[in-house]
Each structure stands twice: as structure tokens, then as C-alpha cells.
Amino acid sequence: MSSTIKGQRPLLSAVGLSKYFPLETGLLASLRGNTTTVKAVESVSLDVYAGQTVAVVGESGSGKSTLGRLLLRLLQPSAGQVLYQGEDIFGMNRAETRAFRRQAQIILQDPYASLNPRMRVGRIIREPLDIYSEGSKTERQKRVHELLERVGLNRNHERAFPAELSGGQRQRVGIAAALALSPRIIIADEPTSSLDVSVQAQTLNLLADLQRDLGLTYVFITHDLSVVQHISDRVAVMYLGKIVEEAPTETLFAEPKHPYTQVLFSAIPLPDPARRMNWDLPKGEPPSPLNPPSGCHFHPRCPQAMSACSHTVPRFQSVARDHGLACLLYEDGVN
Amino acid sequence: MKRELTPNAALRKTYEASRSAVLGGVIICVLVLLTATVSLYSPYTPEAMDFMAPLSPPTRAHLLGTDNFGRDILTRVLYGYQISLAVALGSVGFGLVVGVSLGLLAGYFGGILDNIIMRPMDVLMAFPAIVLVVALTGFVGRDVSVMIMAVAVVYVPIFARVMRGSTLEVVNELFVEGARARGASHLRLMLRHILPNAIPPVLIQASILMGIAILLESALSFIGLGTQPPDPSLGLMLSEGRSFMQQAPWMVMVPGLAISLAVLGFNLLGNGLQELLNPAGKGR
């Protein structure tokens, strides 16, 4: 699919995007000038083409949710740009930001915390329409009914409070609210990870149907590789704030190149009792992003680490068409 | 130590809490009703003197006795409640509006605005309430409206602080971020999303501060800085009755019990609400 869109301008792209969070230090420490920062996202570049689904995969703490929030201007970056149809969203004025927010929506992770407990479902879904003063009151009401049906709920749910709904139903409400303004791109931040497996499948199918019918573009943030395989066109693997490998889904699943991607894939459970699992898991816990390892961040846990890995930072480069990665094993002149 | 509650025990606790809230609510409603309509059913006016029966113990004509001028104590207590409740409602109402707005702004925007709002609040809070009220009434004059403003000034920082704290808790909730992503303005975020979810602890505080306002009004009137004679006020009646404690103990007992009853009502309501809105096992 990605080959057909070469030459086309990406709908949304991150260029050298970084986000550093200063850690709360005392007054004295800041006077002495030694404030520590967490590098949640570090020079990330990513292109998202219209109609595609890009999955961002990583362990917790890899900065994938921070990336998602940067893409929607919910956070200000420390460096870099996010271009929406070629325009930097951080340079937009108030009116332009408002227009951008209409077209780029978010679906949040936890459907229990992401809906205002004191608003009825109907009002939650109608709120985006109210904010942008879309149509008359009756038109908004009609739209709410449409959206409820679209996501597989019915009109009876309109008067309910979120607490009266199940997790899957709440996630549907969140999806309906995100759809209300007919956005072009939706950032889905782990939309299924707090749902039961059966409900997960339903929600994923709903998202796939919506994409097909409405021509949506998704950035799908998840830690669940089995989900990624089903829904995404491209996958970006993040580790400690950096993208370590990015490729079309089939390529990545067929021949993962980065050692981190390889160990991640070996951890996907196989639904086949005859095949033995190859538990080639990364050694130890993910290191603290406060004090990341020198050189390649992954080297202390990497099964194929070389001596150079502890002091040389790998560059992100193309190894094949559409396939980029950051690993010294594939860099010339290092060995 | 944290206790784990079985579902049954939790239910029983909820029931007991709601019982306390309902009892408090009923006491307050009855008092407000009796007080608001007292001129319709009372055979006496608060200033009417019965020269035939000064210092009369409770009789059929004077259900709770009379004072040294022969004024009906029950009538005076009910009229006294009017001032007490006016001070309580007025000061808490004003304190709520100003304090909640300031606390919401401070908690929502944080940073410099937080400091600009909250540091003066800290200064106000450092004054002992009663001293501040005495100073204000002494300075501005003796009037119900002055008393209301004086108590309100004491209440504003309390409400601001509680509201700021609970705003800080709500502002980071996922649904607030979601609404922001949908393009909601600051005003909409504050009024539609944060305020309704952050207000419950403030309402509990309001109920308890109502009771304290009644006590403050009585204390001010008792030391002569509040309501002036011959207007009826519970604190003033206490102070007048002191000289007659030996001959007519009902002169101090009745207004004293009246104050207790009103304060008890508000505290029962506040505590009940606290238990209800902060269910077992969650927090504290």
C-alpha cells in the first residue's frame, strides 16, 4: 500500500520531534543549574499518509503516549515540528489551531477515566458539535443519534451516565465523540488495552469499519503486537523515546532487523500448542529514562551487543526501501 | 490503619451516613421553615413586653418562659435565628462564589497566577478568624451586612484552598485532556468539566462553615460587636441572660440550646455528605 502513495505529501508528519520533561527539583538545585530532564521523546521523525494506519509500538515508558500528545498539540515540544498538510501545528494561531483540532481527534486509553462522570452520554458526544457551533440544536441531536448507531449503541444510551455502561460501551462513546466532527485523522492511544479480549476484537473491528467507510487515517499507539498485525499498514517501534525501527507491517513481521524488534516479536504468544515458544526475552527491566544507557540505549539488554554499542549512538537510516532502523549492526564502518 | 470493608459493612456505612445527612437536613429545613414564617403564627412580637410576667418560667402563655422584660423567649429565639441564618447563608454564599472562583483559577492555570491568588489567601488565613471579624466589625461598624462581610472574608481563603486542591486532582484527569483535544476553551473546561467534578468537597466544607458562622455571629453579639439590643440575637440573649442565671436559667439555656441545635444540624449534614461522597475504601 505504501508504494502507491510515494510522492504524495504525508497528512501528518513529525520532524525531529523531542519532548523533555524537567523534573521537579528544589529551589537550590535550580539555582545551581542542575535540573534533570527526562527525555520522553527524542528526535522522532514519522510520516503518516492519508488513509493509512501507522502503529507506534513500545514498552511502557517508551514515550509513545507522549508522542501521540505532541502530534495533537496537547503538549508543547522541546524541539522539532509536527506538520499537518505541510503546516507546522505549533506555529498555528488560535483560529488555525481550532481548525486543526476539528480534523485531528484522539481516542483515549482508559474508557473509565476518559469520560466526564457527570455528563450524560448524549452530551459527551454532542460536546464537540457545541464547541464548534455545528448546525442547529435539532441537527446536533440528529447527529448524536447517527453517531450512537454508527458505533453500535442505541438511542437509549443517550440519557445514561458513563458509570451505567460497560467498558466496551464506554469506549464506543469515546469513539463516537471523536467522530462527531468528521475528523480526517485519529490518534488512538491504546484504545483496547483496558478492555476484555472479546470486547477488544469488537472495538478493533469497529475502528477498521470506520476507517473503510469514512476514509480515516489512524495513528495507533499500542504495546500489543498481535493487535498491530491486524490493523496497521506501517509500524514504528519505539524504545526509550526513540524510534529504533520503522517498516511496512508485512516487512517488519517477516524479517524484523533490529534486535529489540526481534525480541519483541519472539514474545508474541503463538496460538499453536505444537510450536514451542522461543522465549528470547530482553534481559532485565527497561532502564530508567531518567538516566538512559550511553551509546545505543538498548545495548545493556541486547543479545547481540558489541563493544561499540556502549559508546556509539546509532543513526537512523534506511536499510531497504521503506525500511529504516537505528542499529550499529547495520551501519557500515563500525565493525 | 486501613480497614477493608465487606460489601455489607460498606452498605451499612452508607446507610448510616445518609441517615446522618438526612437528619441534619431535616433539622435545618424545619428551623428555616419555622424561622421564615414566624411572623405568621407567633402571638408575640420579639420586642413585646409582658409586664405581668417578667422572668416567667415556661407556662402555657410563654412556652419557653420570658426574660427580665417579660419578652417571650421562644419568639425571640425564632427571630434570632433569622439573623443567625442570614449571616450563615450570606457569608457562606459570598465565600463560596469568590473562593470557588479563585481556587478554580489558581488550580487550573497554576504557575504565576496560582501564586498571585494563593499567597494573599495564606496571609488572610494566618489571622485568627475571630480577631479578623472583631477588627472588621470594630472598624466598619455594627450591622448585619458588616457581620456577613466580615465572616465571608474569613471564609474566602478556606473555600479557595479546598477548591484549588480538588481542582488540582481533577485537572489531570483523562476526560479533561480529551475535552481539550476536542477544542474546548479554558472556560468550558473549567465550568463544564472541572467544576462539577471538583465541587463536592467544597460543599461539605460549606455545610460545616455554616454551623461555624452561626457560632461566630453569636460570639460577636455576645461581646457586643454584633446585633444591637433590642434586636433579638441568640448571642445577645445569652449575654443578657447571664445576670439572671440564678433566678431564670431558661434565659440562657434556651438560646444556648438553640445555637447547639443549628450547629448540630449543619455538622450532621456536612459529616453525612462527607461519608457519602467519599465512600469507604477510597482515600483518607
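In strand S4 of chain A, A:Leu83 is the bridge partner of A:Ser13. Strand S1 (residues 12-22) and strand S4 (residues 79-84) of chain A run antiparallel and are joined by 5 bridges. This is a predicted model, where local features need pLDDT of at least 70, side-chain atom pairs count only at pLDDT 80 or more, and totals for chains, interfaces and linings use all residues. Residues are numbered from 1 along each chain as its sequence is written, while chains are lettered from A and ligands numbered from 1 in the order in which they are written. Helices (H or I, at least four residues) and strands (E, at least two) are DSSP runs, numbered from the N terminus.

**Sheets of chain A**

- S1 and S4 belong to an open sheet of 4 strands with the order S2-S1-S4-S5 and antiparallel pairing; two strands pair if DSSP finds at least two bridges between them.
- The edges of that sheet are strand S2 (37-48) and strand S5 (87-88) of chain A, each of which pairs on one side only.
- Chain A also has an open sheet of 8 strands, ordered S6-S7-S8-S3-S9-S10-S12-S11, with mixed pairing.
- Here the edge strands are S6 (104-107) and S11 of chain A, and each pairs on one side only.
- On average, neighbouring strands of this 8-stranded sheet are turned by 20° against each other, direction ignored.
- Within the sheet, strand S10 (residues 242-248) and strand S12 (residues 323-325) of chain A run antiparallel and are joined by 2 bridges.
- A:Glu246 stands opposite A:Gly324 in S12 of chain A.

**A closer look at A:Pro292**

- You will find A:Pro292 in the loop between helix H10 (259-266) and strand S11 (317-320) of chain A.
- A:Pro292 counts as buried because it has 20 C-beta neighbours inside 10 Å (buried means 20 or more other C-beta atoms within 10 Å of a residue's own, exposed 12 or fewer, and partly exposed in between, with C-beta atoms placed from the backbone).
- Leaving aside neighbours within four places in sequence, A:Pro292 is in contact with A:Leu240, A:Pro287 and A:His297; contact means that C-beta atoms, placed from the backbone, lie within 7 Å.
- A:Val38 is 254 residues from A:Pro292 in sequence, yet their C-alpha atoms are 9.2 Å apart in space.

**Chain B overall**

- Chain B has 11 helices and 0 strands.
- Its C-alpha atoms fill a box of roughly 75 × 50 × 40 Å along the principal axes.
- Of the 284 residues in chain B, 43% are buried.
- Among contacts in chain B between residues at least 6 apart in sequence, 71% join residues at least 24 apart.

**Helix packing in chain B**

- The axes of helix H9 (residues 200-222) and helix H11 (residues 250-277) of chain B come within 9 Å and cross at roughly 170°; axes are lines fitted to C-alpha atoms, for helices over the stretch in contact, and angles run from 0 to 180 degrees between N-to-C directions.
- H9 and H11 of chain B are therefore roughly antiparallel to each other (the class for angles over 145 degrees).
- By class, the contact of H9 with H11 in chain B has 14 nonpolar, 6 polar and no charged residues; Ala, Val, Leu, Ile, Met, Phe, Trp, Tyr, Cys and Pro count as nonpolar, Asp, Glu, Lys and Arg as charged, and the others, Gly among them, as polar.

**Where the chains meet**

- The contact takes 20 residues from chain A and 15 residues from chain B.
- On the side of chain B that touches chain A, helix H7 (174-181) and helix H8 (186-198) of chain B each supply at least two residues.
- H7 of chain B gives the most to that side, with 7 residues.
- The residues on that side of chain B divide into 6 nonpolar, 4 polar and 5 charged.

Technical notes. Contact = placed C-beta atoms within 7 Å. Parallel < 35°, antiparallel > 145°, perpendicular 65-115°, else oblique.
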